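Work through the following exercises with the sequence and the three-dimensional model open side by side. Each task is followed by a solution that goes step by step.

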Amino acid sequence: MEFYARFKIYHELMAKKIREILLVSSPYDAFIMEEDGSLASRIINEYSGLNLSHPPRVTRTSSAFDALGLLNVKDFDLVLTTPHIEEMDAFTLGLKAKEIQPGLPVILLAHSPRGVYPLPENKNTDGIDKVFIWSGNSDLLLALVKNAEDHLNVEADTERAMVRVLILVEDSPVYYSSFLPLIYKEIVRQTQAVLKVGLNEEHRLLTMRARPKILLATNYEEALAFYRKFRNFVFGVISDARLPENHRMEDDVGFRLLSRIHQEVPDVPLLLLSSESENRKMAEQIPADFLDKNSPHLLSEIHNFFLTHLGFGDFIFRMPDGTEVDRASDLHTLETKLLHIPDASLRYHAERNHFSNWIMARSEIALASKFREVQASDFVSVAEMREYIISNIRALRKLRQKGVVARFRTEHFDPVINDFLKIGQGSLGGKARSLAFMSTVLVQDQELHEKYPDIRVRIPKTLVICTDGFEAFVAHNRLEYLAKEGFADEEVAKAFLEAEMPEWLTKDLEAFVSRVKIPLSVRSSSLLEDAQFQPYAGLYQTYMIPNNHSDQSVRLSHLLTAVKLVYASTYYESPKAFARSTSNQPQAESMAVIIQQLSGKEYGDYFYPAISGVAQSHNFYPVSRMRPEEGIAHIALGLGKTVVEGEKTLRFSPKHPEIMPQFSTVKDMLTNAQRFFYALRVRNYPEGLELWRDSNLEKRDVEDAADEFPVKALASTYVPEEDRIRDTGYMPGPKILTFAQVLKYGIFPLPELLSDLLIIGRKGMGCPVEIEFSVDLTPDKDRKGDFSFLQMRPMVADEERFNVEITPEDMKKAFCRSATALGNGRNEEIQDIVYVKPDAFDVSATPKIAEEIGGLNAEMLKKRRKYLLIGPGRWGSADRWLGIPVQWRHISGVGAVVELRNAQLKADPSQGSHFFQNITSLGIHYITVTEDEGLDDYLDWGFIRSLPEVQETPFLRHVTSERPLIIKIDGRRSLCAITVDQE
């Protein structure tokens, strides 16, 4: 009776619940939340399993005004919002929400600290209770709700049922946003591990309802208060070493807190976290376990802490006499192990409802209930019962993936029918996630297909290797050490190429290539890649393989090599440098891989699309009648390497394709037209492709392809005798890529289609977007061709949240001013200027200049000094003749960039390049100064040369100002003025 009385108490637990959640987010954010299954259904399963109560209802809106309207007519328990909603910023929304419903918790989910910090000085930030950093992990959303309920119920539940408490003390939103979901996951697993065998369903659920509470403290005072109040119920404390105390950061707060707890309660497990490895000695004095936040194994080490000190529940297969025969940690493993478990063990567990109990603990309510309704005696044989259990588990796992992408199954794979598949159970990664989102959108948008009936708008057939493939590969080959600094890209690539691919992944890829014999693109899709407001555009690698060799083993070898090299790029120097700039940890990054049908057609020995391009819904450099919100497109013949690496392309506004400043005169056309393009060699290529050197991609001269259909369809012909260009490629003479048949004569409605897709993309993501695409033209009169949607990522073009005023006095005093500046804000943290010496500049030496910049950049990083970088041409262009080909590792410490357009180099701004996208996404001010054209742009070289010199190299000069520079950018007018602080 006492046993059942105890469960009666559990009925009273979790009395205060989050029943109504208002989620204010863009449709794209909502889609990410539902990537691994419907958000609503996941919350229902979690709460049915943990609380035996009505799950919270999620009301979603993408409009701040609609959200406030809902708050006026309905009570909510929690508001979740993202920073970038169109009508107002999140702080204003939070204040208005609290005016309507006082005391209402409002949590801000930011994509990066940069999206929120530093907090705006002219804004009241009291509208937000806590900020979490969210990179698309839906586990964080569930953790937020659970944590809110824990704080509401901890006092009552510890009194009623002695529910245990874990205290997490961490002030960094980046870290506690990562730790909190992990801890909840581990706590739930640990609770499941101690469940009594033989409990019926109700009792088991009630036990889960009494799971430990997790309390998050962000400073010493809050942590000490939690400890004092719940001392008798604390079963673990995890604390950062450096924490605020009395509003000041102190290095030893975590040490003093844990020492005090250990003195009073010696048996409580303690874990000290720190970025300083020397604090390990401090932890040993307590004593407490210690983990280095910079460790490449951090997440697994936290898991091991829980495993060692708290445990978590595997399914343990036993024989009737209790002998352990195997273990399963998840549904996937359970399904696999069930194939081989002895009959006696299977019957033993089935007769005792062990399968039902264990599955219910995983919140799979429906399947657990179904298994409970069936008795072992209902089956004719153990074989029949085994098949029943396995098939139902398999059906459940399949159902969970419905509506996202289908799982790759060797026995069911049909390359004709299957459009979007995945291998593994991990994340799809950022790039694949956006493709999955657009796949759903394109299917649903019937108007688009009706408007363009003779064009197939599609996403090429796609197979994604989820992030667990990368994690298994790295762990099996012990490659985590390469996440640290100090390894050259060549070293990383060599180690990855020599490593073994997991057998299960090799088998799946072998099955794939056995049925697919078309050219493939093997692309990165990291967890953080293309995440909103911090996209890692172009930092990872893409490889293309012919995949048409007669020997299947050769095709498999090429594919495995390409996948390994994409994996290797996770630990290359540029992604690591970029991660430091975004407050992300390189060891927290994980890589999915997209294996995609390559868009294009075969022409002789080569394969390529007629058009590749990038379109953006915000034009940073509008001219003539163009408006910024109408967008811009960059297109080129052949594969997209030309566009994304900043080589010569054709730039036009989809709304005004007739306006092409690059082609104002015949001379301009001859000078600015694309002369080379990239194609994949698919005939007569070496069996051992050197993918590391892109040996299978060839840079071809347009004239060499003059007889191929895409060139004939897209080129015009120069007539020297007349000094004119005729809009046809079907006559003798030099070919000039003008794309006139598309942009002037409409053989393919590319401008209109891009305009529509940019509108769809912006609406879906809730912000300006950039899409990569390709077009295949056909001479068939019944069809115009295919449009392949290759990628979508967010742009950071909505920086004008806080106004910056540039006065006439500022413009007068400025030593640098520009009418085409990117960004919005005020920067007073820079005193150093690094510039390319105009008199020493040599366009043939741009690679050397890039390396010199990298050397100075490394020194500035060590000193933690941001700098202003000034130089001619396109920064980051892969074409050394258009600008200085720096990579991110060369300029990772830069604070602002000035691009000079003058007689030395006068390339058009390359908005379509990956480098340009990453610069703007980090909020690094990008300022274009056009000299010698009588414009308002101005750079005072006399002032710059007068500054004290710090260092000089053959091509560069580093100077410094005694007073900080003041960089002001008015994003509304694209104006910039740089002055020197005189105060």
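**Exercise 1.** Which residue in β33 does Leu777 stand opposite?

*Solution.* The model is predicted, so to speak of a local feature requires pLDDT of at least 70 and a side-chain atom pair counts only at pLDDT 80 or more, whereas totals for chains, interfaces and linings use all residues. Residues are numbered from 1 along each chain as its sequence is written, and side-chain values use heavy atoms, with hydrogens and water left out. Helices (H or I, at least four residues) and strands (E, at least two) are DSSP runs numbered from the N terminus, and two strands pair if DSSP finds at least two bridges between them. Leu777 stands opposite Gly785 in β33, and this belongs to an antiparallel pairing in which nine bridges join β32 to β33 (residues 785-794).

**Exercise 2.** Identify the other antiparallel neighbour of β32 given here, and decide whether the residues of β32 are buried or exposed.

*Solution.* Strand β24 (residues 611-616) is joined to β32 by six bridges and runs antiparallel to β32, with Ala615 opposite Ile771. For burial, the cut-offs are relative accessible areas under 20% for buried and over 50% for exposed, with partly exposed in between (1.4 Å probe, protein chains only). Nine of the nine residues of β32 (residues 769-777) are buried, so the strand is largely enclosed by the rest of the structure.

**Exercise 3.** Describe how α22 packs against α23.

*Solution.* Axes are lines fitted to C-alpha atoms, for helices over the stretch in contact, and angles run from 0 to 180 degrees between N-to-C directions. Helix α22 (residues 503-515) and helix α23 (residues 552-568) pack at about 130°, and their axes are 9 Å apart. Angles under 35 degrees count as roughly parallel, over 145 as roughly antiparallel, 65 to 115 as roughly perpendicular and the rest as oblique; α22 and α23 are therefore oblique to each other. Contact means heavy atoms within 4.5 Å, and among the residues of α22 that meet α23 are Leu505, Leu509, Phe512 and Val513, while those on the α23 side include Leu556, Leu559, Leu560 and Val563.

**Exercise 4.** At what angle do the axes of α9 and α10 cross?

*Solution.* The axes of α9 (residues 220-229) and α10 (residues 253-264) cross at roughly 10° and come within 11 Å. That angle makes α9 roughly parallel to α10. On the α9 side the contact is made by Tyr220, Ala223, Leu224, Tyr227 and Arg228, and on the α10 side by Val253, Arg256, Leu257, Arg260, Ile261 and Glu264.
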